[in-house]
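Reader: I've got a model open and would like to go through it with you. Can we start with the surface and work inward?

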Amino acid sequence: MPRQKETIAITTPHVVGDEDIGEIRNIVGFHIRLALGAVYRDFTETFAQLDLTQKQVSALWLVADHPDIAQTGLAQRMRMDRATTMAIVNRLEAKGYLTRSKSSSDARKQALNLTDAGRRALASAKRAIQQHEHWLKSRFNKKEVAKLIELLTRIHE
């Protein structure tokens with residue numbers, strides 16, 4: 001019997017009265033986790049109709065920006081291991097969004113490209129991302145958004 005897909009909630013939404021968190025209020029990682037949970041919830045709601053994950057959208061976008069990209073190049077840009085990247089590429093190929101072909105520059109590699117359906121799916125995803133980004137960025141002014149990106153980049157680079 002097939003296993004049902006489990007929905008994972010990173011955090012639950014804020015409710016009045018949950019402000020008293022004691023000393024943990026000074027733990028940066030705790031606030032990053034809460035922020036990630038809020039961002040993930042909104043992303044999930046925004047993307048519910050698209051049947052795409054964040055990683056799948058990222059892969060489509062990178063392939064669109066880098067035609068003929070090799071799967072290893074995609075993995076490097078997404079900062080993921082090759083096995084996870086292969087699973088994402090396999091799913092996108094099964095949906096009819098990506099094609100694999102022999103690389104013209106290296107016969108050992110396969111080149112990835114979007115299909116017409118992949119371009120349409122990416123266009124829909126970009127509209128959803130604009131909506132999601134508007135929700136997120138509306139909490140900050142332009143200068144704060146630039147600073148936030150700078151600060152978060154320091155963590156992940």
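Reader: Which residues form the nonpolar patch on the surface?
Author: This is a predicted model. In it, Val28, Ile32, Phe140, Leu148, Leu152 and Ile155 form a nonpolar patch on the surface. Together they have about 510 Å² of accessible area.

Reader: Which helices each supply at least two residues of it?
Author: Helix α1, residues 28–47, and helix α6, residues 142–156, each supply at least two. The most comes from α6, which gives three residues.

Reader: Take leucine 148. Where is its place, and is it buried or partly exposed?
Author: Leucine 148 sits in helix α6. Its relative accessibility is 30%, so it counts as partly exposed.

Reader: Which residues are linked with them in a network of salt bridges?
Author: Lys147 is linked with Glu150 and Arg154 in such a network.

Reader: How many salt bridges does the structure hold?
Author: Seven. One of them pairs aspartate 116 with arginine 119, the closest N and O atoms being 2.7 Å apart.

Reader: Where are aspartate 116 and arginine 119 in the fold?
Author: In helix α5, residues 116–137. They are three residues apart, so about one helical turn separates them. Arginine 119 is partly exposed, at 45% relative accessibility.

Reader: Fine. Change of topic: which strands are joined to β3 by bridges?
Author: Strand β1, residues 69–70, is joined to β3 by two bridges, and the two run antiparallel. Strand β2, residues 98–102, has five bridges to β3, also in an antiparallel arrangement.

Reader: What is the bridge partner of isoleucine 69 in β3, and of arginine 100?
Author: For isoleucine 69 the partner is leucine 112. For arginine 100 the partner in β3 is leucine 112 as well.

Reader: Is β3 largely enclosed or open?
Author: Largely enclosed by the rest of the structure, because four of its five residues, in the run 110–114, are buried.

Reader: Back to arginine 100. What does it form a salt bridge with?
Author: Glutamate 93, and the closest N and O atoms are 2.5 Å apart. Arginine 100 is partly exposed at 23% relative accessibility. Glutamate 93 is partly exposed too, with a relative accessible area of 31%.

Reader: Zooming out, how many helices and strands are there, and in what pattern?
Author: Six helices and three strands. Along the sequence the pattern reads α-α-β-α-α-β-β-α-α.

Reader: And what share of the residues is buried?
Author: Of the 157 residues, 27% are buried. The accessible surface comes to about 11500 Å², and 55% of that belongs to carbon and sulfur atoms.

Reader: Last one: what share of contacts joins residues at least 24 apart?
Author: That share is 51%, among contacts between residues at least 6 apart in sequence.

Notes:
Residues are numbered from 1 along each chain as its sequence is written. This is a predicted model: local features need pLDDT of at least 70, side-chain atom pairs count only at pLDDT 80 or more; totals for chains, interfaces and linings use all residues. Side-chain values use heavy atoms; hydrogens and water are left out. Buried means under 20% relative accessible area, exposed over 50%, partly exposed in between (1.4 Å probe, protein chains only). Contact means heavy atoms within 4.5 Å. Accessible areas come from the Shrake-Rupley method with a 1.4 Å probe; for residues, only the protein chains shown count as cover. Patches are made of residues with over 30% relative accessible area and no salt bridge: like charges are joined within 9 Å, nonpolar side chains (Val, Leu, Ile, Met, Phe, Trp, Tyr) within 5 Å. A salt bridge is a side-chain nitrogen of Lys or Arg within 4 Å of a carboxyl oxygen of Asp or Glu. Two strands pair if DSSP finds at least two bridges between them.
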